[in-house]
Amino acid sequence: MSSQTVLRHTTRTTWDNLVSVQEPTPTAGKHEVLVKVRSVALNFRDIAISVGKYPFPVKEDVVPGSDAAGDIVCVGEGVAGFAEGDKVVVAFDLATAYGPIKGWGSGLGGPVDGVLREYIAVPAQAVVRVPEASTLSYAQWASVVCTGATAWNALYGNLPLRPGQSVLFLGTGGVSITGLVLAKAAGATTIITSSSDEKLAHVKAKYGVDHTINYKTTPNWAAEMNKITGGNGVNYILETCGSGTIKQSLEAIAYGGIISVIGFLSPAAQEEMPDVAGLVIGKGAVVRGIMIGSKQLLEEAVQFIGARDLAIPVEKTFAFGRDQVVEALGYLASGQHVGKVCIDF
Ligand SMILES: NC(=O)c1ccc[n+]([C@@H]2O[C@H](COP(=O)([O-])OP(=O)(O)OC[C@H]3O[C@@H](n4cnc5c(N)ncnc54)[C@H](OP(=O)(O)O)[C@@H]3O)[C@@H](O)[C@H]2O)c1
């Protein structure tokens with residue numbers, strides 16, 4: 001029996017505790033495909049899990065990582081529509097084909113062993129083939145799994161973005177920059193905040209964002225947003241920061257605008273919790289929680305990105321191996337990145 005390298009968190013107090021083990025290479029069971037992993041995109045969630053601060057269930061000795069792109073190397077009994085050699089991505093949640101993800105029962109790299117291993121056997125129903133003509137790298141496709149599906153869900157999962165509308169992104173992390181690429185391709189006016197003028201200049205030059213705001217030097221960025229939009233407010237906000245920024249998001253949103261609550265990068269102190277209900281009513285805003293996205297939403301994002309060959313923002317890649325993954329998690333946690341950090345196999 002052949003073996004493969006698998007990374008596991010045996011103790012979740014620091015990402016340094018990651019261990020490399022040899023385990024049997026799985027086979028493709030009934031209705032499964034075996035995927036040779038080519039690239040894994042890391043997420044803020046992987047940091048939170050590695051230090052034991054993820055607010056949802058995580059299995060013991062978990063194999064971390066939720067986002068993989070690779071090649072099908074074996075097709076199990078009863079699988080139709082896939083063949084050896086197909087280039088694919090694996091959905092974040094193995095069980096949710098469409099509709100909202102319910103609970104956290106089958107999210108890779110959390111309650112279920114994830115993708116930081118050489119081979120993974122998954123249900124064929126959780127796999128999406130990427131367009132053959134695409135020039136995107138495996139790392140770029142891996143980045144679409146969580147970040148891309150999340151940004152797509154925020155923009156199209158409920159009340160779809162329309163041409164000419166405006167979208168605000170908070171910070172220059174993976175969700176923001178991927179969302180920016182999607183929104184630009186749809187003809188939206190885009191605005192982004194960052195703590196760094198250097199990062200803002202980079203995002204303007206590389207991704208063509210229309211407006212930038214430094215949230216450190218302009219702490220009242222909601223007022224600045226209202227100037228940019230001529231007093232109308234912004235139509236969409238990808239709220240990646242949480243209770244620490246929601247008040248300003250509600251001040252910056254247009255009447256009837258849509259705030260997608262995605263992340264928890266900047267929680268407010270208990271005594272500073274804003275009166276969200278009053279602000280939501282005052283703006284007639286739609287405030288919608290986002291839980292990644294179903295396989296159907298991932299498939300839509302893959303089609304949209306593939307048809308336009310959109311430059312999904314991978315900033316840095318590391319090689320697969322225990323030490324390199326530890327280094328990559330440290331780099332992601334340092335916040336130096338703009339866009340995605342990936343592991344290439
Ligand atoms: N609900 C879901 O389905 C879902 C899916 C994906 C991600 N998430 C969550 O969404 C959040 C973002 O994920 P990510 O992968 O994009 O993270 P990331 O790549 O690690 O982004 C980090 C960046 O966020 C920015 N940031 C931090 N605090 C900020 C603040 N107070 N105001 C504005 N920007 C701030 C910083 O940008 P600058 O350096 O430019 O200031 C930082 O570099 C995380 O909490 C993650 O867990 C949730």
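The legends below describe close-up views of a predicted model.

**Figure 1. The two domains of the protein.** The domain assignment gives domain 1, made of 3–147 + 313–344, and domain 2, made of 150–289. Taken over C-alpha atoms, the centres of domain 1 and domain 2 are separated by 28 Å. Contact between the domains involves 11 residues of domain 1 and 15 residues of domain 2.

**Figure 2. The shell around the ligand.** The ligand is surrounded by 25 residues. The closest of them are Thr172, Ser194, Tyr215, Ile290 and Ile292. By type, the shell divides into 12 nonpolar, 12 polar and 1 charged residue. Domain 1 and domain 2 both give residues to this shell, so the ligand lies between them.

Figure 3. A polar backbone atom of Gly174 is 2.9 Å from an oxygen atom of the ligand. A nitrogen atom of the ligand lies 2.9 Å from a backbone N or O atom of Ile262. Ser266 takes part through its side chain, with a polar atom 3.3 Å from a nitrogen atom of the ligand. Of the 940 Å² of accessible area that the ligand has on its own, the protein covers 88%. Helix H2 (138–156) and helix H3 (174–185) are the elements that give two or more residues to the shell.

**Figure 4. Thr178 in helix H3.** Thr178 is a residue of helix H3. Its relative accessibility is 0%, so Thr178 counts as buried, the limit for buried being under 20%. The side chain of Thr178 reaches the backbone oxygen of Gly174 at 2.8 Å. Gly174 also has a polar backbone atom 2.9 Å from an oxygen atom of the ligand. Leaving out residues up to four places away in sequence, Thr178 touches Thr147, Gly148, Ile312 and Pro313.

**Figure 5. Ile292, a loop residue with a positive phi.** Ile292 sits in the loop between strand E13 (286–289) and helix H8 (295–308). Its phi is about 45°, a positive value, although Ile292 is not a glycine. Most residues other than glycine have a negative phi. Ile292 has a relative accessible area of 10% and is therefore buried. Ile292 is also one of the residues closest to the ligand.

Figure 6. Asp309 is not a glycine, yet it has a positive phi of about 50°.

Notes:
Residues are numbered from 1 along each chain as its sequence is written. This is a predicted model: local features need pLDDT of at least 70, side-chain atom pairs count only at pLDDT 80 or more; totals for chains, interfaces and linings use all residues. Side-chain values use heavy atoms; hydrogens and water are left out. A residue is near a molecule or strand if one of its heavy atoms lies within 4 Å of it. A polar contact is a pair of N or O atoms within 3.5 Å; within protein, one must be able to donate a hydrogen and the other to accept it, and residues adjacent in sequence count only if both atoms are side-chain atoms. Accessible areas come from the Shrake-Rupley method with a 1.4 Å probe; for residues, only the protein chains shown count as cover. Helices (H or I, at least four residues) and strands (E, at least two) are DSSP runs, numbered from the N terminus. Ala, Val, Leu, Ile, Met, Phe, Trp, Tyr, Cys and Pro count as nonpolar, Asp, Glu, Lys and Arg as charged, and the others, Gly among them, as polar. Domain bounds come from an automatic or database domain assignment. Buried means under 20% relative accessible area, exposed over 50%, partly exposed in between (1.4 Å probe, protein chains only). Contact means heavy atoms within 4.5 Å.
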